[in-house]
Amino acid sequence: MSIQKNRELIADRFGSLKHSSGVCLPALDQKEPWTLEAYRKNGGYQALEKVLGGELDPAGIIEVLKISNIRGRGGAGFPVGVKWSFMPRQSDDQKYVVCNSDEGEPGTCKDRDIMRLNPHALVEGMTLGGYVMGASVGYNYIRGEFHEPYSAMEQAVKEARETGLLGKNILGSGFDFELHNHLGSGAYICGEETALLNSLEGRKGEPRFKPPFPAVFGLYGKPTTINNTESFASVPTILRGNGKWMDGQWFRGLGVENSGGVKIFSVTGHVNKPGNYEVKMGTPFRELLQMAGGVWKNRELKAVIPGGSSVPVMPAEAVLASNMDYTSLQENGSALGAGSVIIMDETTDMVNVLERISKFYYEESCGQCTPCREGTGWLYRIIRRINRGRGTFEDLDTLLDVANRIEGRTICALGDAAAWPVQSFLKHFRHEFEAKIESIQSDAA
Amino acid sequence: MSSVEIEIDGKAYPAEAGEMLIEVTDRNGIYIPRFCYHEKLSVAANCRMCLIEVERAPKPLPACATPVTNGMKVHTRSEIAVEAQKGTMEFLLINHPLDCPVCDQGGECPLQDQALGYGKDNSRFMERKRSVPSDDIGPLIATEMTRCIHCTRCVRFGDEVAGVMEMGAPGRGEHVRISTFLDSTIDSEVSGNMIDLCPVGALTSKPFRFAARSWELTDHQSISPHDCLGSNMRIQTLRNRVERVVPKENPDINECWLADRDRFSYQAIHSEKRLTRPMIQRQGTWQEVDWETALTHAVDGLRAIIDQGKADRIGGLAQAASSLEEFHLFQKLIRALGSESVDYRLQQNDFRDDDIAPLFPASELPIRDFGTRSSVLLIGSNIRKEQPLLSLRIRQGWREGKTAVSAINPMDFDLNFACTVSEIAPGTAMLGRTAALAKAIADLSGTNVPAEISALSDGCDLALLAKQLVDADQEGLIVLGAFAQQHPDASLLKALSSWIAETTGNRLAILAPGNSAGGALANCLPGTNGLNKQAMLDSGMAGFVLLGCQPELDCLDGYAGVKTLENADFVVQLTAFKPETHDRHVDVALPICSFAETAGTHVNCEGKIQTARAAIESVGESKPAWKILRVLGNFLNLEGFGQITLSDVTQEVLEAMDSDTAPNCRPSEFRWHSPVSSAPAGLGSIAYMPMYRGDPLVRNALALQSAADNPGPLASLHPETLKKHSLKDGDWAEIGNGNVSSRLRVIKEPRMPRDCVLIPAGYEETVNARAPGALRIARAEQEIP
């Protein structure tokens, strides 16, 4: 079967995969890329073999990751190599590696495809993580609705275990690592790393106050490294270095300053070809939009949320001037987040969008701390009122005030995530809110 | 921990590295508002009221969860801090009802107080407010959950302090509801503390509901009558009524807690059953009389006995919750009448070591150290229900991983900590098992073991437990609880535990109910020619004077009490409550004041002497017991009853008391004798006093009587034992010795050992089931109509 044919087959079966660079998403030359056989054909598990064969020690791996300039793919963008270096690796205490596959940010669907189409990259990445951290157990916490990715991961773990790539004495190296997939129960908040740990422990999924950080007091109170699926899945390729072993420079070079490597962007909304695009960091937004077939129905672009619903919205002109990397998006008033690009065309009712987003955070707040528990509902209700034509101009000030009083005052970042859209929508599209209020007032008159 | 220096509002303060900022500000009297933080609970950091500004931090930080570091610069009143606090307050108030005028928390409400400082007088919140259904969570705590601000103090209290997680926070976001699980009730014996912890009016006292506004109440310092700690409490009154009792913080005794037994027993003071006028029983009918008549009648009755030359056959039984002064005048009266038969140890059965007994039942370990031991051994103690606050301290040590707790108990009690070694040894087995432990300790430490101990030992291998005690040395504690003290061979158990304490270096504590220490120190004990409580009940008396007790209910062997009272010629009862059917043998009932109406001195298990003042005037025509005793002395023309004020009595008893009240609870010598208990041939019986049935006061406290710790007259058996006797859970059964029996409902209790029945005292219904003799159980068709 030709590569083209197979690409079509996969695209047909897994329509969400639109473009792969072969790092976290599989190269599309294999018939069933999720199998161990296919993964191995493309160099899979070579990094693990080399590492366990003694070619690189944990400190060396961390060094490679630091050079590669990979930043955490879950949204916060913390450098992976630095995070791994925080672990008390020498301590004899039980340690854990945890993967955050609770992909719940509206607009994001990349981890789902990694697990469905390239699960072994995650298995290998987590095993390498376990080796570096001296952890003998890893947990992959998968979003509750992800039954298919869960099955794929379970299959991959089974294959790896059967071939000695997981379990006791991996590849005869004396290193033990057991990997467990865990299906969550459908709470967005469990994607927050400490809420995830609580949930794994069987507690209520409520974020913990930090400090202490998971590297000191994590799962079951033990040192724990927790990373996003895409971060872990990138590790084997980074170590393979495109043929130049253990060289972080190759991956670094794919991206731009401050943003190493490639990144999966989940492009959704008003585009012709929504889906996952694994492209180089720093790719101009225009190019990404083009790859996604442009705005649908030949309409004009109005706005883009470039990193998942919690990051600030960008008006068309700002986003069109941006490149898809941490620095550029920040300079233009937003953030890369988890790389979930939500495209909105000229017909979009921004008040409506904000109502939907605010409802989400209102529904998903864990309710633990006051500003988020009380504030998210308040925000949503005001916006809903405005959208239903019962708003006042004072409401706009209250809205901004409430958002400001949530931001930075909560235990976890969900409060910020609820506040930022409100602030940015009001900043860029206040006229639409005012128009709704005015139109109703003139109707009444 | 190293010392650091931090700057708060421009002033330098010393602190320990790693301690939380709020601890430093609290210590130095710097005010920071808060709701969820409580020094006795873990840090939750969820209310966000204590947000303050820390220089170089990008956002305001919660003072309760921010560890101090050297050179940290903190601003508690800067614009950033105050704006953050005001923001939180606005959020807390948007859904909080404006029902302060009808809320019991009003006037003592942290939310109300802090809203004054950080809230606004109008609200921007134009949406519909949230309302939350309020569940019935039992007779003690009233709920109004719309007021809840989700601080989770009650949840953490249950989980961390009380050891039973009865409250939780199911739901998410705005829909989080603080509630019990699956509509269950709050059954903890220290649940009332949740009322104190709740910073709003969500959890309030049910018995106090709508009784008064907090600012109308007058505070009176008092001492708890029921526990042996002498917990400090405040009696709050309005217009000569006790409306509420709350704890008074004392870090050395009760910290900031109070057990429900002491918090809610005040309800009995104003109960309908309160005896407000003296009563006399003539030909089976009770009639109210004036004091003069009653006293004359009482004196005549006693004099008749004396005139028959049976003065030494007058017995005196007192309630352990009596005050030191009452004990003193009581024993003085009995002795002046010509008898030495006086006792307050109503739940004790073995008195063979009276002559070598220590001065008073005591704890050799200060109360504040109960939570710091490396080892605690409970012998015959359900400490959680006997001394709830001491149990909390032990739990604290256990939770912190300091304390290994083990137990030799008649059944597998539901304690609020887990036992390292738990030996279930009902009846005589408790003796054999304790002796086995003594032997194991002797073996381990190379001490010679007296032959008598070896003879008592049941041969169980207790090496592990022995090691726990020996390793603990001075850091170990041995607690003799109610089940050991009421044991037929209690004297042997005391000797054995003393021997173990002596050999291991462990401290010993005999935890007796109420003011037992005061009873012993006031010499409310039989003299050499007198009879102890057991001998009085067994051999019968010509007359009785009862001080605040009902022997049929207060003694575990109430059956003997009934028989003895029945056969007595004349019975005078000093009581706060109206005669009931089981008081049918009483001739005169003289109304006495409750603990709240009279001053009195209490001695706790440490030997600490504390005096409580009267909080209200006497209810009805009741009089303080000490005055009645004094007047009886006067009417009988006895010497030494000329005291004018209570302080005369206090002074008299304190002078008479042994000056050395240093706690020591070991007998002056080891005396071994053969045990009277033997393994029962058939069914064993475990009698116990439920915590809310132990004296007339709690028995008449309405809310406590509806609480879970008043189980009702039920017999509990292991499911297998039930099956063996062809019984099912909930069946009626005839339980007795063949001659007399009680018809009781049986329930299954997997914590029971096999072939034993647990029978609660404190109920008239169970008196016959506790009669001596081999126990039989048979299914009965139905309840007696």
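Visitor: At what angle do the axes of helix α2 (residues 79-94) and helix α3 (residues 110-118) of chain B cross?
Guide: In this predicted model, the axes of the two chain B helices come within 10 Å. Axes are lines fitted to C-alpha atoms over the stretch in contact, with angles from 0 to 180 degrees between N-to-C directions; helices are DSSP runs (H or I, at least four residues). The crossing is at roughly 130 degrees.

Visitor: Which residues of α3(B) does α2(B) meet?
Guide: Contact means C-beta atoms, placed from the backbone, within 7 Å. From α2(B) come Q85(B), K86(B), M89(B), L92(B) and L93(B). Their partners in α3(B) are L111(B), Q114(B), A115(B) and Y118(B).

Visitor: How many residues of domain 3 of chain B are in contact with domain 2 of chain B?
Guide: The domain assignment, automatic or from a database, gives domain 2 as 126-270 and domain 3 as 279-352 + 517-656 in chain B. Their centres, taken over C-alpha atoms, are separated by 35 Å. Domain 2 brings 17 residues to the contact, and domain 3 brings 16.

Visitor: Which strand supplies the largest share of the side of domain 2 of chain B that touches domain 3 of chain B?
Guide: β10 (218-223), β11 (232-238) and β12 (241-247) of chain B each supply at least two residues of that side. Strands are DSSP runs (E, at least two residues). The largest share, four residues, comes from β10(B).

Visitor: How are residues and chains labelled, and what pLDDT do local features need?
Guide: Residues are numbered from 1 along each chain as its sequence is written, and chains are lettered from A and ligands numbered from 1 in the order written. Totals for chains, interfaces and linings use all residues, side-chain atom pairs count only at pLDDT 80 or more, and local features need pLDDT of at least 70.

Notes:
Two residues are in contact if their C-beta atoms, placed from the backbone, lie within 7 Å.
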